[in-house]
Amino acid sequence: MADPHPFHSLHRHGMIRAGVCTPIGTAGDPAANAAAAIALAEQGSAAGADLLLFPELNLTSYAIDDLHLQDALLDATEAGLAAVVAASKDLKPLLLLGAALRRNGRVYNTAVAIHRGTILGVVPKSFLPNYREYYEKRWFAPGVGLTGLEIAIAGQQAPFGTDLVFAADALPDFVVHAEICEDYWSPTPPSTLGALAGATVLCNLSASNITIGKARERALLSASQSARAVAAYLYSAAGPGESTTDVAWDGQGEIYELGELLATSQRFELATEITYADLDLERIRLERMRMGTFNDAAAAAGHPETRFRRIAFAHRPDGADLGLRRDIRRFPFVPNTPSKLEADCYEAFNIQVEGLRKRIASTGAKTLVIGISGGLDSTHALIVAAKAMDRLGRPRTDILGYTMPGFATSDGTKANAWALMRALDITAAEIDIRPAANQMLADMDHPFAHGEPVYDVTFENVQAGLRTDYLFRLANQHNGFVVGTGDLSELALGWCTYGVGDQMSHYAVNSGVPKTLIQYLIRWVARTGQFDEAASETLLAVLDTEISPELVPADADGRMQSTEARIGPYELHDFFLHYAVRHGLRPSKIAFLAWHAWRDAAAGRWPEGVPDDGRHEYDLATIAKWLEEFLRRFFQTSQFKRSALPNGPKVSAGGALSPRGDWRAPSDGSARAWIEELKASLPGGE
């Protein structure tokens, strides 16, 4: 039996389930069309849908020409609508259906909002196409300018006009606007004002016959409107059953959120269908809060919320565990689709290269100085530097690479460092920091200097600090600057040595790239032949090395110091980072999304190239443990390191942590609010 705890309910996390319906229509038979709509409404209610969208004129039929002006058909449409209203009394979803309705001596092509036996409102179509195969002005009156009105329909008096949004009282972010087909082909879609008035879910009831290439055009418009209006956009086109006298229909249904496709129907299928997706309305609200331009646009439009009527409906989600009908990427910074991954790697790598190229050109530096450990970060910084020098037409020997073995440096990483420096033909050298570290530890009277195996943070940072100190002085000596190697994930966790340590450099080329993406960038560089075969082979060898700072000697069993064993898996921390910084989600919601993304290694898609033994899964307890660690590190203990970051390019839209960029926060803040919210919201945490 499903766990009844509210944590497992998508509604608890500001989400709703939406469905786009593709009924089999019957041309000119409203009774049959109403029966088809009722069947889909019952099906959607059983599936936990909060909102169901139907095509344009789905009750009346679209391609029936002058039959739209026949009273017998219009009477039958009203009777069919009344049947749907009656059937909706015991159903959960808000229904948006299409019907031709009479009012004040005119016929309107309308969207009818119905919830639990009540007609909430009727929205007339604003823009009527009257070109090529379309003749809507022959039958319908336009809705433009009709506001503040009412309509008597199906025994009820309901609001009528283009000034309506429908708002769920128990879910404050669940606010719906409806427009009809041609409306979003116009230069000024009515849904733009609907969004500025507060609607988060924009719905398009469409007939839209299919022609070659039109499906791509619809997808473009839906994606664009959801991105520009900072909203979800649902689109439902008429499918099988409409008249094919002169045109044909494909039943395209799509659901977008902030420009991203969440779900799409099977086109040209001779079957009734509901295409579902779970919409994150809280995410939409948070995005609008961040995006000042959205609010400026509302002001420029005269604050549409002052002109729209907000029609409330008593939506009462039961808090059940409905699962999650939404693809949650395990790696938010790494696309699952190979073509997108290829494009992202190309852009990320070249952003870094261009950032460094400009800094070299502007400073007139004679050399670049980099510490090469044989690990992921320094490897990636080096290949970025090599490509930047190539673009400048300068010899790679102007890059001075130093491997600096300490007390725990392994033969493998040292060998990789040397192999890579040689393969890239840079100027390479080695400085053994152990004598200087021993002297410093002795001067400090540290227990290690007396033969005691004390490997505390002082022991670690003496080594990390000496390496950076050498690099800065070498840069002074050789008229160059230090290229930073630390990445976005380490900065988020504070997993770097402050000041005279790997937190500091003259230019932090990796500071916008998370650990999970760096691995793919290195693999992309090797696979696409950015350098020669020897360099590519070494890059692949680096990828096979466990992530470790190599500051503490191996234990009695020969196990090396493991970063992830101590602070948690980077793949989880990068997930937490994305949703905390980019979207500002509550910790409990981050845990909910992470649990759905990571609880079953066999479910969902993985990015290309992840081996079977690298496909991990985590239970909720493990996710919660490392999320709490992330919250403490990110919000409380490490901001002072980020507040003093050197320059470096922003790479991902997921955010950067520079105080001059995406993230500003106090260095002496507390993580209490975030940790308490997480603990209180998890099962067993009340």
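Lys and Arg count as positive and Asp and Glu as negative, with His and the chain ends not counted; each charge is placed at NZ of Lys, CZ of Arg, CG of Asp or CD of Glu. On that basis the protein has 64 positive and 82 negative side chains, and the centres of the two sets lie 5 Å apart. The model is predicted: local features need pLDDT of at least 70, side-chain atom pairs count only at pLDDT 80 or more, and totals for chains, interfaces and linings use all residues. Residues are numbered from 1 along each chain as its sequence is written, and side-chain values use heavy atoms, leaving out hydrogens and water.

**Overall build**

- The protein contains 20 helices and 20 strands, taken as DSSP runs (helices H or I, at least four residues; strands E, at least two) numbered from the N terminus.
- Its C-alpha trace spans about 100 × 55 × 45 Å along the principal axes.
- Among contacts (heavy atoms within 4.5 Å) with a separation of 6 or more, 74% join residues 24 or more positions apart.

**Surface and burial**

- Of the 686 residues, 58% are buried, meaning under 20% relative accessible area (1.4 Å probe, protein chains only).
- The protein exposes about 27000 Å², of which carbon and sulfur atoms supply 51%; areas come from the Shrake-Rupley method with a 1.4 Å probe.

**Helix H17**

- In H17, 12 of 12 residues are buried, including Lys-589, His-596 and Trp-598.
- The buried residues of H17 pack against strands S1 (15-22) and S14 (273-280), and against helices H5 (281-290), H16 (570-582), H18 (620-637) and H20 (672-681).

Definitions and conventions. Buried means under 20% relative accessible area, exposed over 50%, partly exposed in between (1.4 Å probe, protein chains only).
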